[in-house]
Amino acid sequence: TKAITLIEQEIKLDPAFHYNYFVRGRIYYNWMQYDKALNDFKSAVAKKGKHLESLYYYGLCNIELGNLNEAQKTMEDGLKKAPKELKHLFENGVGMVQLALKNYSEADRSFRRALGLNPGNPEYHINLGDANFYQGIPALAVLEYENAMKADTASLEVYFHWAEACLELKDYQCAIDKLKIVLEKDSTHAPAWMRAGSIYYKAGRSANVREDQVNRFKEAIGSYNRYIQLSGAKPDSSTVRAYYDLAMSYYSLNGFEDAVKYFETVLAIPYEPQDVYFYYGKTLWGIRDYAKSGDMLLKHLERVEKQGTDYQSSVSNEEVYKILGDSYFFRKPRDMNNALTWYNKSLEINPNQKRILETLSIAYHSSKSYAQALEFYKKRIELGIDSASADILKNAGFCALNLANAGEGGDELDLEMEEDLGNGEVIEPVEMASAAPAEDYYKLAIGYLND
């Protein structure tokens with residue numbers, strides 16, 4: 001921060017001097033604040049078009065920001081302009097563009113040309129290792145990473161790439177071991193914590209064991225918070241990954257209050273990652289803000305529809321419809337008609353959803369719509385009952401007895417449940433199959449209560 005302040009003072013004194021913009025751009029680039037770095041490198045090139053290092057970093061920033069057409073044009077232009085002693089930079093840059101485009105064999109050739117012009121460059125060995133890895137040759141990738149370490153024993157960069165490769169191979173312990181080496185070498189290097197957070201988050205998403213998921217997400221949260229603390233980085237397009245991964249990590253740990261805060265930070269940047277409105281909506285559901293949850297889930301569906309058939313959502317409609325049903329069912333006052341609409345859409349996709357069937361059973365039962373309640377009890381019981389859900393049998397039995405007693409003027413039996421899902425409203429009956437004769441209700445009740 002002090003360095004930035006000093007450079008800005010120099011820029012005020014001489015705003016035409018290109019090198020000050022280049023130096024400030026390098027600082028922002030190392031902090032992964034690529035938007036700011038891009039602007040500085042662009043200014044440096046505008047003030048001195050022959051300063052090819054600025055052009056090179058301008059291209060690298062475009063790669064990081066996903067502007068691959070501009071990046072490719074920049075690197076190819078630099079390759080034509082560069083004298084022999086600087087051509088290796090742009091050969092490497094062309095390789096980085098091809099790597100981002102997933103043209104791994106083309107990237108491989110460019111990195112080898114860069115190494116031919118500048119032998120032993122550790123960065124080029126790392127990049128060649130990445131190209132080898134993504135071509136499906138992990139043994140050659142490891143060899144290049146080792147070459148990078150030999151060329152620069154103090155480098156931390158190689159360990160990040162190695163950790164990423166371990167993740168792709170699903171060797172999570174390897175990835176974690178490489179991260180620990182980096183963080184032990186320099187625990188105050190903010191970008192290291194940013195990269196660590198990203199890798200821990202990916203490991204959490206990939207882990208199959210819940211305990212491992214919990215540990216990795218906690219480590220991701222700790223790493224990202226350390227990055228923000230050390231860098232002082234504010235939420236913007238260059239740091240959005242940290243804030244979004246924090247939101248998703250808290251969401252995955254059911255830390256919904258913290259997740260809401262970070263989702264709102266991401267959307268305020270503004271930035272809209274894939275399916276963000278679903279995850280934000282479900283997080284709001286987790287803190288019982290059901291009305292706003294429903295709004296976000298509807299926004300998710302609108303966004304999916306606008307994207308068309310090419311949009312590959314990571315969330316099933318079954319899940320979206322179910323949570324939407326909840327958002328109407330649990331809000332106060334309850335909107336039962338909309339809840340039924342979305343629950344039924346979810347059940348059309350998967351009719352064997354125990355929680356929805358149980359919720360509807362109790363809702364109808366508590367509003368004394370016993371015939372409708374009994375139909376849902378039957379569907380839920382068909383899916384199996386264990387000792388933890390035995391109260392469903394008791395409630396179904398009471399429901400059947402209430403139907404039988406209704407024909408004979410008998411007393412009603414109270415519903416037994418942990419939380420009263422009814423709120424005294426009248427639920428409109430829905431069309432059901434014809435009810436069994438009254439004498440069958442006693443038989444049903446005896447069967448359920450015996451079970």
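Student: Which residues of H13 are buried?

Tutor: In this predicted model, helix H13 covers residues 210-231. What covers its buried residues includes helix H11 (172-185), helix H12 (190-206) and helix H14 (240-252). The buried residues of H13 are Gln-213, Val-214, Arg-216, Phe-217, Ala-220, Ile-221, Ser-223, Tyr-224, Tyr-227, Ile-228 and Ser-231.

Student: How far apart are the end C-alpha atoms of H13, and what span should its 22 residues have?

Tutor: At 1.5 Å a residue, the 22 residues of H13 should span 32 Å.

Student: Why is H14 largely enclosed by the rest of the structure?

Tutor: The buried residues of H14 pack against H12, H13, helix H15 (256-268) and helix H16 (276-286). Among these buried residues are Tyr-243, Tyr-244, Asp-245, Tyr-250 and Tyr-251. H14 is largely enclosed because its buried residues number 12 of 13.

Student: Which element of the protein has the lowest mean pLDDT, and over which residues is the pLDDT below 50?

Tutor: The protein has a mean pLDDT of 87, with 92% of its residues at 70 or more. Helix H6 (residues 87-100) has the highest mean among the elements, 97, whereas the lowest, 79, belongs to helix H23 (residues 438-450). Where pLDDT is low, the predicted coordinates should not be read in detail. The pLDDT is below 50 over residues 418-439.

Key. Residues are numbered from 1 along each chain as its sequence is written. This is a predicted model: local features need pLDDT of at least 70, side-chain atom pairs count only at pLDDT 80 or more; totals for chains, interfaces and linings use all residues. Side-chain values use heavy atoms; hydrogens and water are left out. pLDDT is the predictor's confidence in each residue, from 0 to 100. Helices (H or I, at least four residues) and strands (E, at least two) are DSSP runs, numbered from the N terminus. Contact means heavy atoms within 4.5 Å. The expected span of a helix is 1.5 Å times one less than its number of residues. Buried means under 20% relative accessible area, exposed over 50%, partly exposed in between (1.4 Å probe, protein chains only).
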